[in-house]
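Here is a short tour of one chain, taken a piece at a time. Have the model open as you read.

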Amino acid sequence: TDNYLQLADGNMMPQEGFGLYKVTGQETMTQAIQNAYNDGYRLFDTAQLYGNEAEVGAAFKQLQLPREEIFVTTKVAEDNQGYDQAIASVKESLAKLQLDYVDLLLVHWPIERAFFDTWRAFEDMKKAGLTKSIGVSNYEMIHLQYLATQAHEMPVVDQVELHPLLTQKPLLKFNHDHQIVTQAWSPLGRGAVLDQAVLKDIATAHGKSPAQVILRWHLQCGVSFIPKSVHEERIAQNADIYDFSLSADEMARIDALNNYQRTGREPELVYEYNKQY
Ligand code: A2P
């Protein structure tokens, strides 16, 4: 968890983070963030849609985590897209989080409505200091290419579903070529990937768990990843991946598990742009 990636805007982002999706209840939240912090996690990833920003904020406050040490991400929900709405919603998020700024602000999903207005709001919010960095989530190549036709600044992060059953190699290459850091949500494939025999074999060979092998695979792929768990033991386990490494052959065997299997929804196409190309 000491690894940082440099973003195209010059800011540094921890490569491994802690996902807060579905973490609810103040006690569970505070406990999870405390455990994660003690295990070395510095990046905490929430979203307006998760409905837990106030609990995240209360946990930070109660635990008195030094602001400059932590990296906080939130995401603007679809309903809050649009220039004025996006800005108003982020101000609300900051109030709930009890923060003056977030480190990374993401557009949660690509939608046709207000596609460019939302991004213009993001560029302005960065200038105004509401966020240090701006990025997107669930954008495929076509969305990024469309955004590039009008953006003054491109996203520095694209957070997408990414795990051994959905390896996203073409997107990873595109993002890399455009200085966009890819960040994996559901890095463990919501647990569905953990039973793969290949992963069990590799895990046994290293004396690690399948989850640790998958996270190590993400690390060596050079992407950022945000596993989540509400169990203390797993939170610790998921941060304990820095004392072994996978061979090129093991990496290839994991890459070969790809079968384009999504656990979440498919990003919607931006029709106006598709029409032209
Ligand atoms: P739990 O919170 O009950 O520990 P993803 O991040 O891919 O969406 O997957 C998260 C799921 O995987 C959660 O349901 C979490 O459950 C479970 N999980 C997280 N870490 C581990 C681990 N080290 N071993 C097994 N399951 C894990």
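## Glu-161 and its surroundings

Glu-161 sits in strand S8, residues 157-161 (helices are DSSP H or I runs of at least four residues, strands are E runs of at least two, both numbered from the N terminus). Glu-161 counts as buried because it has 22 C-beta neighbours inside 10 Å; the cut-offs are 20 or more other C-beta atoms within 10 Å for buried, 12 or fewer for exposed, and partly exposed in between, with C-beta atoms placed from the backbone.

Leaving out residues up to four places away in sequence, Glu-161 touches Leu-166, Trp-185, Ser-186, Arg-262, Thr-263 and Gly-264 (contact: C-beta atoms, placed from the backbone, within 7 Å). Ala-184 is 23 residues from Glu-161 in sequence, yet their C-alpha atoms are 5.6 Å apart.

## About the model

This is a predicted model, where local features need pLDDT of at least 70 and side-chain atom pairs count only at pLDDT 80 or more, while totals for chains, interfaces and linings use all residues. Numbering starts from 1 along each chain as its sequence is written.

## The sheet

Eight strands make an open sheet with parallel pairing, in the order S3-S4-S5-S6-S7-S8-S9-S10 (two strands pair if DSSP finds at least two bridges between them). At the edges are S3 (17-19) and S10 (224-225), each pairing on one side only.

Strands S4 (residues 43-45) and S5 (residues 71-76) run parallel, joined by 3 bridges. Phe-44 has Val-72 in S5 as its bridge partner.

Key: Two residues are in contact if their C-beta atoms, placed from the backbone, lie within 7 Å.
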